[in-house]
Amino acid sequence: MSSTDASLGKRGPFLAPQGMERWPWWLLVALLLGLMIVYQILTNQQMGAAFGAVAVGLGVTIRVTLLAYGLAIVIGLFVGLARVSTNPVINNLASFYVEIVRGVPILVLLMYIAFVAVPLGVQGVNSLGEWSLANLGLGEALVNFKVRDFPNEWRVVIALAFAYGAFESEVFRAGIQSIEKGQMEAARALGMNYFQAMRHIILPQAVRRILPALGNDFIAMLKDSSLVSALGVEDITQKAKLYAASTFLFFQTYSILAFIYLIMTVLLSRGVRWLEGRMSIYRR
Amino acid sequence: MTENIITITNLEKRFGAVTAVNGVSLNVAKGSVVVIIGPSGSGKSTVLRCINHLETPTGGEIVVDGIKLTHNSKDINAIRAEVGMVFQQFNLFPHLTALENITLAQRIVRKRQPEEARKIALQQLERVGIPEKANSYPGQLSGGQQQRVAIARALAMQPKIMLFDEPTSALDPEMIKEVLDVMQDLARSGMTMVCVTHEMGFARNVASEIIFMDKGQIVERGDPQIFFTQPREERTRLFLSQILH
């Protein structure tokens, strides 16, 4: 044996795992646990009841996730474009928003929006209503609009969209800047203006590139939708809290809650992985 | 005397502390083929890119087809409509087919109807010799084919002037000829062309004027036959001895 063999150590140079070492054991164990829980839900009375109580909130969870994410994407697109703009006013406003919002925990942002921004907004709507009532004779509904009429669910959706918009704008910005300069040059050389070039050449390519990142953020949004429970909105997390508090079945309830989130996120993850596969076929 | 369609007077382009183009003056007559050669960093590509304002000149004046090039975007867009450009890296739009690459600008810039744009696109693809590749994506084409699509894309806008920025420098040797042939046909058809290239054979056979640049300035210019056989400047002789082997 030469000295080089000895220095490589007992197992020699790194070998890719073969045979049973390659199996995704973690996935098998997770699947097993999942099946056990499903079995429990179907047979064990307490687990079944807990599942029933928690699953009622699924509609709210899904609705909040979809609405907040949809809004966040729209915000992200425009703020992302603003960040790459050469106009200093637009650029700085966008940067201010992104840096501040990314630095504050979402829960804190939620409190701020729910208890500061929304009341201020309602006051603004009231003033607008008073003005229009005095000058145009209509707007009574605007004047009578009260803070408590503004649903908590909307406040959370706005807060989540506002928070995630900042992150999505960075994703869009990265996507736009990853398109090589030559594309914009070719578009401009053909006579297109900046907006035409963005709309037809840059953005279609950029969006294709960032779809996996956007998919991952959607999964994150699903988990952060649990923050609605901070305002008492009845999604699955809030339902679980209420059920567990009244029955003391903490183990069953919270296990089921985690299980429900996991099913959704794991399925979505596979979806994102599949999307990534499709993207790499289309790109050269 | 054919009129000059491009007039460049004392062009200067600085990038911070570096002066890439330092007092270049040249005229391009309508229908002529001007070939600019020189070592890397001589500023030849920069001069070309100033013509359609992909680079903003820091000094001097450029007049294209009677329109003075200024910061005014209307002037810039007006000039870009008359000037087509072919890039070293092709810069085809990868998410569009060859046909779509060629029809897009026609539709949104020239505002042509889709059918008319399509017809013109197919004509140009025939002209560059690859009509069968109309529905292929750039990723499915060879380098030479991609560059020919890029030439067709520029030609479909019916420009008065075509600029070529080292169009064959990124191609495998076997494909250079097919692109140079297209360029030669184009020259014969009377198109005004300004080319930056290292292809000396092309320069010798097709150019109506050769311009040799070094360190941001024009060192020598003239008729290609004379230029290659009896260069006046020492610097030119040095350059020619290095590249002609």
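## Salt bridges in the model

Over all chains of this predicted model, the count of salt bridges comes to 20. One of them joins B:Lys160 and B:Glu82, whose side chains meet with a distance of 3.7 Å from N to O. This pair links distant parts of the chain, since B:Lys160 lies in the loop between helix H5 (143-155) and strand E7 (161-165) of chain B, while B:Glu82 belongs to helix H2 (residues 73-82) of chain B, the two being 78 residues apart.

## The contact between chain A and chain B

The size of an interface is often given as the accessible area lost when the parts come together. Between chain A and chain B the buried area is about 1,800 Å², and carbon and sulfur atoms give 62% of that area. Chain A brings 18 residues to the contact, and chain B brings 21 residues.

Across this interface one salt bridge is found, in which A:Glu185 pairs with B:Arg49, the closest N and O atoms lying 2.7 Å apart. Five residue pairs are in polar contact between chain A and chain B, counting pairs with both residues at pLDDT 80 or more. On the side of chain A that touches chain B, the elements that give two or more residues are helix H9 (181-189) and helix H10 (194-224) of chain A. H9(A) gives the most to that side, with eight residues, and by class the side of chain A that touches chain B holds seven nonpolar, six polar and five charged residues.

## Packing of H9(A) against H10(A)

Two packed helices are described by the angle between their axes and the distance between the axes. For H9(A) and H10(A), the angle is about 145° and the axes are 10 Å apart, and H9(A) passes H10(A) in a right-handed crossing.

From H9(A), the residues A:Gln183, A:Met184, A:Ala187 and A:Arg188 meet A:Tyr194, A:Ala197, A:Met198, A:Ile201, A:Ile202 and A:Gln205 of H10(A). Sorted by class, the contact of H9(A) with H10(A) comprises seven nonpolar, two polar and one charged residues.

Note on methods
Residues numbered from 1 in each chain as written. Chains lettered and ligands numbered in written order. Predicted model: local features only at pLDDT ≥ 70, side-chain atom pairs only at ≥ 80, totals over all residues. Heavy atoms only, no water. Contact = heavy atoms within 4.5 Å. Buried area = accessible area lost by both parts, 1.4 Å probe. Salt bridge = Lys/Arg side-chain N within 4 Å of Asp/Glu carboxyl O. Polar contact = N/O pair within 3.5 Å; in protein donor to acceptor, adjacent residues only side chain to side chain. Helix = DSSP H or I, 4+ residues; strand = E, 2+ residues; numbered from the N terminus. Nonpolar A, V, L, I, M, F, W, Y, C, P; charged D, E, K, R; others polar. Axes fitted to C-alpha atoms, helices over the stretch in contact; angles between N-to-C directions. Left-handed = near helix turned anticlockwise from the far one by under 90°.
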